[in-house]
Amino acid sequence: MPLRHEPDTSVADWIVEADVPREVLSLQGPPGYEAYVTVHLDGQDADPYRSDPDLVALVTRLAAAHTATPDDALFALWDGWGELDEGDARLLGVDVGYRVFPRLFRPHPRPATPPAFAPSVLSATRLDLGGTRSYLLFRGRLDQVGDWGARPLAPQWPRQLPGASLTWPRDRAWFIAADVEPSWFTVAGSRELIDTLRSRTDLVTGSTGYGRPKEC
């Protein structure tokens with residue numbers, strides 16, 4: 001079962017109302033945790049072909065052992081991703097509108113792809129951090145990370161969406177902020193969780209001080 005859309009954005013009021021600049025929230029999450037660490041998206045010797053969503057999902061699963069509510073978590077999906085919208089299909093990286101047979105001189109229309117979610121989801125109230133940082137909110141178990149339940153591009157062609165930009169369990173034991181531009185993301189939580197992440201040889205971690213966004 002995929003994650004389900006959460007229409008009640010008041011569950012994120014504690015983030016929106018944090019007394020820090022909005023751009024810091026999207027980069028580092030809310031203040032008040034014991035420790036913060038950055039996890040780099042590149043320079044991974046263990047698996048150089050691992051995608052960014054895979055890495056965020058791995059850290060999310062590791063963090064699941066450090067919350068009392070692993071079956072109830074919130075996932076915020078940035079609403080600026082082009083993959084959410086209706087548009088032209090490109091399957092297997094091939095422009096299916098290309099005129100395969102030169103003798104046919106009229107262009108072939110590209111098949112339209114449906115938007116990723118139903119209109120009720122795409123028109124719902126956003127978790128809004130100001131500027132260009134607003135998000136659709138989803139809810140579910142931590143082991144469902146990345147399973148957005150998006151519509152396929154076409155029959156038998158699943159749609160691949162980016163990972164969550166903000167993730168936290170209901171008990172707020174930790175927080176993951178994976179903004180859309182930097183080459184790293186931030187995990188905030190207990191010192192035990194942060195030490196666990198630092199000890200992993202398959203993760204490249206760095207120090208961060210809350211309120212000072214780390215340079216890319």
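The legends below describe close-up views of a predicted model.

**View 1. Helix H5 and its buried face.** In helix H5, which spans residues 191-199, the residues Leu193, Ile194 and Leu197 are buried. Seen down the axis of H5, these buried residues fall within an arc of 95 degrees, so they line one face of the helix. The face turned away from this buried side carries Glu192 and Ser199, which are exposed. The buried residues of H5 pack against strand E2 (35-40), helix H3 (52-63), strand E12 (184-189) and strand E13 (205-207).

View 2. E2 pairs with E12 in the antiparallel sense over 6 bridges, and His40 stands opposite Trp184 in E12. E2 also pairs with E13 in the antiparallel sense, over 3 bridges, and here the bridge partner of Val39 is Thr205 in E13.

**View 3. The largest nonpolar core.** Among the 35 residues of the largest nonpolar core, those that touch the most other members are Phe75, Phe117, Phe138, Trp148, Phe185 and Val187. At least two residues of this core are supplied by each of E2, H3, strand E3 (73-78), strand E9 (134-140), E12 and H5, and the largest share, 6 residues, comes from H3. A second, separate core consists of 20 residues, including Ile15, Val20, Tyr33 and Tyr135. In soluble globular proteins, nonpolar side chains tend to be buried together.

**View 4. The surroundings of Phe117.** Leaving aside its neighbours within four places in sequence, Phe117 is in contact with Leu77, Leu84, Leu122, Leu136, Phe138, Trp148, Gly149, Ala150, Arg151 and Leu161. Of these contact partners, Phe138 and Trp148 are, like Phe117 itself, among the residues that touch the most other members of the largest nonpolar core.

**View 5. Val56 in helix H3.** Val56 is found in helix H3 and is buried, with a relative accessible area of 8%. When its neighbours within four places in sequence are left aside, Val56 is in contact with Ala164, Ile176, Ala178 and Phe185. The C-alpha atoms of Val56 and Trp184 are separated by 9.9 Å, although these two residues are 128 residues apart along the chain.

How values were computed. Residues numbered from 1 in each chain as written. Predicted model: local features only at pLDDT ≥ 70, side-chain atom pairs only at ≥ 80, totals over all residues. Heavy atoms only, no water. Buried < 20%, exposed > 50% of the residue type's maximum accessible area, 1.4 Å probe, protein only. Helix = DSSP H or I, 4+ residues; strand = E, 2+ residues; numbered from the N terminus. Arc of directions from axis to C-beta. Contact = heavy atoms within 4.5 Å. Core = buried A, V, L, I, M, F, W, Y, C linked by side-chain atoms within 4.5 Å. Pairing = 2+ DSSP bridges.
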